[in-house]
Amino acid sequence: MSMERRTFLGGLTGLFAYAGGAGLPLVAREFDPQVFAKRGEWERLNINSIVLKLGATSPFSVLHISDTHLATAYLHESAAKQYLAKVRNEQFGGRQEEALRDSLDWAKTHVDYVIHTGDLIDFQSEANYDLVKKYLGANVLGTMGNHEYSPEMWLTKPAPSNNEAWKDRYRDKLASVYPFDVTFSSRVVNGVNFVMLDDVFGTVTAGQVERFGKEVAKGLPIVLCLHVPFYTDNIATANSHYWLKNGGPFRSAQTPDPSGDWKSQLSDATTRDFIAYLKGEPLLKAILAGHLHINIQDRFSPTAMEYVVGGNYMFAGQELLIS
């Protein structure tokens, strides 16, 4: 089933500039066209362009974004949600909605389609749900992120359980908010099959594996879209250096010991077998993922590269030029 060019929502916003001097903190100030007369309209967006030759019936382009982390709550919502909105906006910079608006405005004139691979919202709230409905149209491609399943007590104890039973609590609500199947979906665009699946805790289910097999049977080149990347040694090393135990200047190329989502992928038999199968599946041409908040690319299989995009809350995205 071919996909029509989507209608994007969202208005233009004022650009944002930084000014600072040697030894001085950076200072934010509003964009003044008289001061920066030659500045590009979309200069603050950090868009990485990637050329993919997949055998499409005609060329097209996609903006891939992930990890916007919208963090809002209405005043009538719980004190816990108010607290989350405050601390998470402090952590993410408070410009998440602006980054999403800019990304979608840029997409109107630069690409044909948009894919968002999860963590559009940072936690469950009425206000966040309304922003999802505001910005995502009926034809958007996307996946869930782990934060889509984060309730108001996720910063407290007991922590949410990272399993399918936990997700079952919220699937119906998320399905009523998001304009795509929150577990598994696919769309064919110009002869290329985009397959989206929920792996928000690092693992996949037998049902998803079965549905993926039906997509392979179509015989089309596949771009697999998910939130948590299927870790390679290089992706795991970069993630460890950025987030975990190797902070500071890079000193060792040794692959870290498995932990977190990567450990789950190696220990869960269904996921481990699925990844092994994918490495030998010639129709798999690319994997798009997020979750790590950093840009990194690595070879996943003889036929597929994996592209992890940086956080959209930092105005990051990647443009895919597909032919």
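The model is predicted, with local features requiring a pLDDT of at least 70, side-chain atom pairs counted only at pLDDT 80 or more, and totals for chains, interfaces and linings using all residues. Residues are numbered from 1 along each chain as its sequence is written, and side-chain values use heavy atoms, with hydrogens and water left out.

The protein has nine helices and 13 strands, where helices (H or I, at least four residues) and strands (E, at least two) are DSSP runs numbered from the N terminus. Of the 323 residues, 52% are buried; buried means under 20% relative accessible area, exposed over 50% and partly exposed in between, with a 1.4 Å probe and protein chains only. Among contacts (heavy atoms within 4.5 Å) with a separation of 6 or more, 74% come from residues 24 or more positions apart.

Helix packing comes next. Two packed helices are described by the angle between their axes and the distance between the axes. Here, axes are lines fitted to C-alpha atoms, for helices over the stretch in contact, and angles run from 0 to 180 degrees between N-to-C directions. Helix H6 (residues 206–216) packs with helix H9 (residues 269–279) at about 20°, the axes being 10 Å apart. H6 and H9 are therefore roughly parallel to each other, given that angles under 35 degrees count as roughly parallel, over 145 as roughly antiparallel, 65 to 115 as roughly perpendicular and the rest as oblique. On the H6 side, the contact is made by Ala206, Val209, Phe212 and Val216, and on the H9 side by Thr270, Phe274, Tyr277 and Leu278. Sorted by class, this contact has seven nonpolar, one polar and no charged residues. In this scheme Ala, Val, Leu, Ile, Met, Phe, Trp, Tyr, Cys and Pro count as nonpolar, Asp, Glu, Lys and Arg as charged, and the others, Gly among them, as polar.

H9 also packs with H8, at an angle of about 85° and with the axes 5 Å apart. H8 and H9 are therefore roughly perpendicular to each other. Gln265, Leu266 and Ser267 of H8 meet Ala269, Thr271, Arg272 and Ile275 of H9, a contact with three nonpolar, three polar and one charged residues.

Helix H7 (residues 233–243) has Ile235, Ala236, Thr237, Asn239 and Ser240 as its buried residues. These pack against helix H8 (260–267), E11 and strand E12 (305–308). The loop between strand E9 (222–225) and H7 holds histidine 227, which counts as buried at 0% relative accessibility. The histidine 227 side chain makes a polar contact with that of asparagine 146 at 3.0 Å; such a contact is a pair of N or O atoms within 3.5 Å, and within protein one must be able to donate a hydrogen and the other to accept it, while residues adjacent in sequence count only if both atoms are side-chain atoms.

Arginine 299 sits in strand E11 (residues 296–299) and, at 44% relative accessibility, counts as partly exposed. Not counting residues up to four places away in sequence, arginine 299 touches Thr232, Ala304 and Met305. The arginine 299 side chain reaches the backbone oxygen of serine 301 at 3.2 Å.

Isoleucine 65, in strand E4 (residues 60–65), counts as buried at 1% relative accessibility. Leaving aside neighbours within four places in sequence, the contacts of isoleucine 65 include Leu100, Ile115, Val309 and Ala316.
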